[in-house]
Amino acid sequence: MSDGFDRAPEPTRPQRAPPSSQDNIPPQNSESAMAKPQVVVAPVLMSKLSANAPEFYPSGYSSNYTDSYEDGCEDYPTLPEYVQDFLNHLTEQPGSFETEIEQFAETLNGWVTTDDALQELVELIYQQATSIPNFSYMGARLCNYLSHHLTISPQSGNFRQLLLQRCRTEYEVKDQAAKGDEVTRKRFHAFVLFLGELYLNLEIKGTNGQVTRADILQVGLRELLNALFSNPMDDNLICAVKLLKLTGSVLEDAWKEKGKNDMEEIIQRIENVVLDANCSRDVKQMLLKLVELRSSNWGRVHATSTYREATPENDPNYFMNEPTFYTSDGVPFTAADPDYQEKYQELLEREDFFPDYEENGTDLSGAGDPYLDDIDDEMDPEIEEAYEKFCLESERKRKQ
């Protein structure tokens, strides 16, 4: 299914190819060598390394931005190349945001002086935030900073207005995207999560100087959730869960301030999906966990009137959430044990904890574990009991 939108092609940067050091190697005189075959000459090893060779960077490392950072945009022939290099730089080194964002914004103010340039800047950031995994948060922070520090404000709209217009083009096809093919849905989910990050990070300054969130995004997220739940495929539901974990507490607080019960309607929607939709068991468990999270006020703990830092002496539950480790003899221990440091150090020195598994848990042994296979076919007793109670309670509410 076609998305119906022409996406601007991502700019490509010319790669800096190091000069070939082979050009500096003097040619061998083959004729003189053949004239004296009786003379055995020890081979002379000619190094192909050059003292003037460029600094080595691992494959895939983008050094263009770092090399020319102090020179601003002088080393870049076009705005897209400069912006794309900075975006890639932030993707690789997100910790550099605080130290380099001011210089980036100042450089853009000297370069982005037309409507087309501003529109191009918005598109580049939008594409990076919706196509590169884990860049949605950084992209939202970048958008917030530029919305307050870019000086250009053309008739077509300032940076924030153009950004929201770009998001609206994707928002208007939400229903088609939510029921589209896998590629279309994946792109749609990236947009949904980026919009969630924008809602949390984009600050709007009011006329009286107060800072608020963009109400239009709040309305948009509500409708995006409707689109996802109206097409209860597994990946749509997983996206809805991620969005609610990200923004649920903030959205519910905002709705309560306006006297709305939108979150109650969403929870009812989730209950209907769990009972009726043909989604997988794992996704239903995710939805149940989300309902449980919301019932605990999204995991927020209300502070007491007198703040006291929790310590093992004044908080009996201090070690409750600590992980449990096991010694080489199989004896469990936690951070509450007096000899925790010694036992934990011994644990770190042991080798080959999981020889047959990769870091992500993939079985490398080639043979399935019958015990694990049995677990996959059965629901955990505790979860099964909670699920049954949930179904009975939901059925009781329906009959009422």
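Colleague: What conventions apply to the numbering and to the predicted model?
Modeller: Residues are numbered from 1 along each chain as its sequence is written, and side-chain values use heavy atoms, with hydrogens and water left out. As this is a predicted model, local features need pLDDT of at least 70 and side-chain atom pairs count only at pLDDT 80 or more, whereas totals for chains, interfaces and linings use all residues.

Colleague: How many helices and strands does the protein chain have?
Modeller: Helices (H or I, at least four residues) and strands (E, at least two) are DSSP runs, numbered from the N terminus. On that basis the protein chain has 16 helices and 4 strands.

Colleague: What percentage of the residues in the protein chain is buried?
Modeller: Buried means under 20% relative accessible area, exposed over 50%, and partly exposed in between (1.4 Å probe, protein chains only). The accessible surface, from the Shrake-Rupley method with a 1.4 Å probe and, for residues, only the protein chains shown as cover, comes to about 25,700 Å² for the protein chain, of which 50% belongs to carbon and sulfur atoms. Among the 400 residues of the protein chain, the buried share is 35%.

Colleague: What is the volume of the largest pocket?
Modeller: On a 1 Å grid over the protein atoms alone, a cavity is a set of points where a 1.4 Å probe fits but cannot get out, while a pocket is an open set with protein on both sides within 12 Å along at least five of seven lines; lining residues have an atom within 4 Å of a point. Grid points are joined across faces, edges and corners, and a volume is the space filled by probe spheres set on the points. For the largest pocket the volume is about 560 Å³.

Colleague: Which residues are the closest to the centre of the largest pocket?
Modeller: The lining of the largest pocket divides into 9 nonpolar, 5 polar and 7 charged residues. Here Ala, Val, Leu, Ile, Met, Phe, Trp, Tyr, Cys and Pro count as nonpolar, Asp, Glu, Lys and Arg as charged, and the others, Gly among them, as polar. Of the 21 lining residues, the closest to the centre of the largest pocket are Pro-133, Lys-186, His-189, Ala-190 and Leu-193.

Colleague: Which element gives the largest share of the lining of the largest pocket?
Modeller: Two or more lining residues come from each of helix 5 (115-131), helix 9 (182-201) and helix 11 (234-257). The largest share, 7 residues, comes from helix 9.

Colleague: Is Trp-298, which has a positive phi, buried or exposed?
Modeller: Most residues other than glycine have a negative phi. Trp-298 has a positive phi of about 60° although it is not a glycine, and Trp-298 lies in the loop between helix 13 (281-295) and strand 3 (325-326). With a relative accessible area of 10%, Trp-298 is buried.

Colleague: Is Asn-134 buried or exposed?
Modeller: Asn-134 also has a positive phi, of about 70°, although it is not a glycine. The residue is found in the loop between helix 5 and helix 6 (136-149). At a relative accessible area of 77%, Asn-134 is exposed.

Colleague: How many disulfides are counted?
Modeller: A disulfide is a pair of cysteine sulfur atoms within 2.5 Å. Cys-143, buried with a relative accessible area of 0%, does not qualify because its sulfur is 7.6 Å from the closest cysteine sulfur, in Cys-167, too far for a bond. The count of disulfides comes to 0.

Colleague: Which residues does Phe-159 touch beyond four places in sequence?
Modeller: Phe-159 is in helix 7 (residues 159-171) and counts as buried at 2% relative accessibility. Contact means heavy atoms within 4.5 Å. Not counting residues up to four places away in sequence, Phe-159 touches Leu-118, Leu-121, Val-122, Ile-125, Cys-143, Leu-146, Ser-147 and Leu-150.

Colleague: What distance separates the C-alpha atoms of Phe-229 and Asn-272?
Modeller: Phe-229 lies in helix 10 (residues 215-230) and counts as buried at 5% relative accessibility. Leaving aside neighbours within four places in sequence, Phe-229 has contacts that include Leu-237, Ile-270 and Val-273. Phe-229 and Asn-272 are 43 residues apart along the chain, and their C-alpha atoms are separated by 9.7 Å.
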